[in-house]
Each structure stands twice: as structure tokens, then as C-alpha cells.
Amino acid sequence: RINAFIKDYLPKGSFFAGVFGYFDFERNALYFINCGIPSILLYSPSFDAFVEVQGEGKILGFVRDVRPLLKPRKITLAPGTALVLTTDGLLDSENIRGERYGKDRLRKAARDSLAKPARAIADGVMDDLLRFTENRQEDDITLLVMKIK
């Protein structure tokens with residue numbers, strides 16, 4: 001329905017990149033469909049590492065019937081797990097030398113604050129980004145951080 005609304009009612013060329021999800025806290029699971037978010041990272045305490053859990057999906061608004069292009073995913077959320085989702089506005093931010101912020105730097109910035117609450121992880125990533133870009137931001141940014149206790 002959202003795809004049809006974007007396609008039919010918003011100005012030509014409009015699109016939506018996002019994630020639709022459902023948390024099942026009784027089963028410690030997240031069911032989601034990725035609609036074009038370029039980075040969904042899951043910190044796994046058992047591996048002590050960030051793993052990409054992108055899922056398959058396309059940005060909404062470009063095709064009439066998006067259903068065949070969407071692939072639901074399920075991930076288990078063990079205690080100590082952290083989710084870090086962000087848009088290309090953060091990943092593609094550049095410093096004055098033209099270097100991109102990228103996923104590796106995102107992983108490092110998030111890891112540096114993993115012992116803290118989710119808000120502090122997000123603040124740490126944003127502080128690192130602003131230092132990296134010398135407070136220059138040319139695109140919108142969405143950053144979502146969640147921790148499972």
C-alpha cells in the first residue's frame with residue numbers, strides 16, 4: 001500500500017528507503033523487510049563482531065508492484081545484541097580529502113560505545129561523523145540504534 005501511495009500520489013521521482021519490522025519479544029526475534037536501507041548491522045555478542053543483516057529489498061516508489069522484490073527476514077536478538085541502522089547520508093558523508101565515512105568507520109564508532117546505552121552509541125557515532133567531516137553535513141541522516149538487554 002505504501003509503495004502504491006508513493007507511486008500514485010507523490011511527485012514523479014519520489015521514493016522511500018526504509019525498514020518495516022516487527023519485534024517479537026517473546027521469541028527474541030525481529031522480522032523485517034529492508035526497502036533500501038544501505039546498512040543494517042547486528043552486533044553479535046557470541047561472535048563479538050558486527051554482522052551485516054541487510055536482507056533483500058528495493059526502494060519503494062519506482063515500480064508498480066514491489067511485492068516480488070521484497071524478501072522478509074528473521075533475526076534472533078540474543079541478550080547483548082545491538083542493531084545499528086543508517087541511511088546513505090551517514091555512510092556517504094565525506095571529509096575534506098574526499099574520503100567516505102563508510103561502514104568500517106561506522107562499525108568502529110559503534111563498537112567504541114557498545115558498553116553504553118543505545119542513545120550513547122548513536123551519539124558516539126554522530127560525534128565521530130562530525131569530527132570526520134569537520135561539522136559539514138550535506139545530506140539527511142537517519143541513524144537508529146537498539147540494544148537488547
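Is Y22 buried or exposed? With a relative accessible area of 51%, Y22 is exposed, where exposed stands for over 50% relative accessible area, buried for under 20%, and partly exposed for what lies in between, with a 1.4 Å probe and protein chains only.

## Basis of the description

The model is predicted, so that local features need pLDDT of at least 70 and side-chain atom pairs count only at pLDDT 80 or more, while totals for chains, interfaces and linings use all residues. Residues are numbered from 1 along each chain as its sequence is written, and side-chain values use heavy atoms, with hydrogens and water left out.

Helices (H or I, at least four residues) and strands (E, at least two) are DSSP runs, numbered from the N terminus. Two strands are said to pair if DSSP finds at least two bridges between them. In general, strands of a sheet pair through backbone hydrogen bonds, in either a parallel or an antiparallel manner.

## The three-stranded sheet

Three strands make up an open sheet in the order β1-β2-β5, and their pairing is antiparallel. At the edges of this sheet stand β1 and β5, each of which pairs on one side only. From one strand to the next the twist averages 25°, an angle taken between axes that are lines fitted to C-alpha atoms (for helices over the stretch in contact), on a scale from 0 to 180 degrees between N-to-C directions.

Strand β1, residues 18–24, is joined to β2 in the antiparallel sense over seven bridges, and among the residues concerned Y22 has Y31 of β2 as its bridge partner. The hairpin of β1 and β2 has four residues between the strands, and in this hairpin N28 takes a positive phi near 50°. On to strand β5, residues 73–76, there are four bridges from β2, again with an antiparallel run; here A29 has T76 as its bridge partner, and F32 has R73. Strand β2 covers residues 29–35, and because five of its seven residues are buried, the strand is largely enclosed by the rest of the structure.

## The four-stranded sheet

A further open sheet consists of four strands in the order β4-β3-β6-β7, with antiparallel pairing. Its edges are taken by β4 (49–52) and β7 (143–147), and because each has a single partner strand, one side of each is left without a neighbour in the sheet. The twist in this sheet averages 20° from one strand to the next. Between β6, residues 82–86, and β7 the antiparallel pairing extends over five bridges, and L85 stands opposite L144 of β7.

## Helix α3 and its surroundings

Helix α3, residues 102–111, lies across β3 (39–44), β4 and β6, and runs at about 140° to β4. The buried residues of this helix are G102, L106, A109 and A110. Seen down the axis of α3, these buried residues fall within an arc of 105°, so they line one face of the helix; the arc is that of the directions from the helix axis to the C-beta atoms. D104 and K108, on the other side of α3, are exposed. The cover over the buried residues of α3 includes β3, β4, β6, α2 (88–91) and α4.

In the loop between α3 and α4 (118–132) S113 is found, and at 9% relative accessibility S113 counts as buried. When neighbours within four places in sequence are left aside, S113 is in contact (heavy atoms within 4.5 Å) with A120, I121 and G124.

## Aromatic pairs

Across the whole structure a search finds seven aromatic pairs. Rings of Phe, Tyr and Trp (its six-membered ring) are paired if their centres lie within 6.5 Å, and planes under 30 degrees apart count as stacked, over 60 as edge-to-face and the rest as tilted. The rings of F5 and Y9 have centres 5.4 Å apart and planes at 35°, so this pair is tilted. Both F5 and Y9 lie in helix α1, residues 2–9, four residues apart, about one turn of the helix. F5 is partly exposed, at a relative accessible area of 46%, whereas Y9 counts as exposed at 62% relative accessibility.

The rings of Y22 and Y31 have their centres 6.3 Å apart and their planes at 35°, so this pair is tilted. Y31 is partly exposed, with a relative accessible area of 30%.
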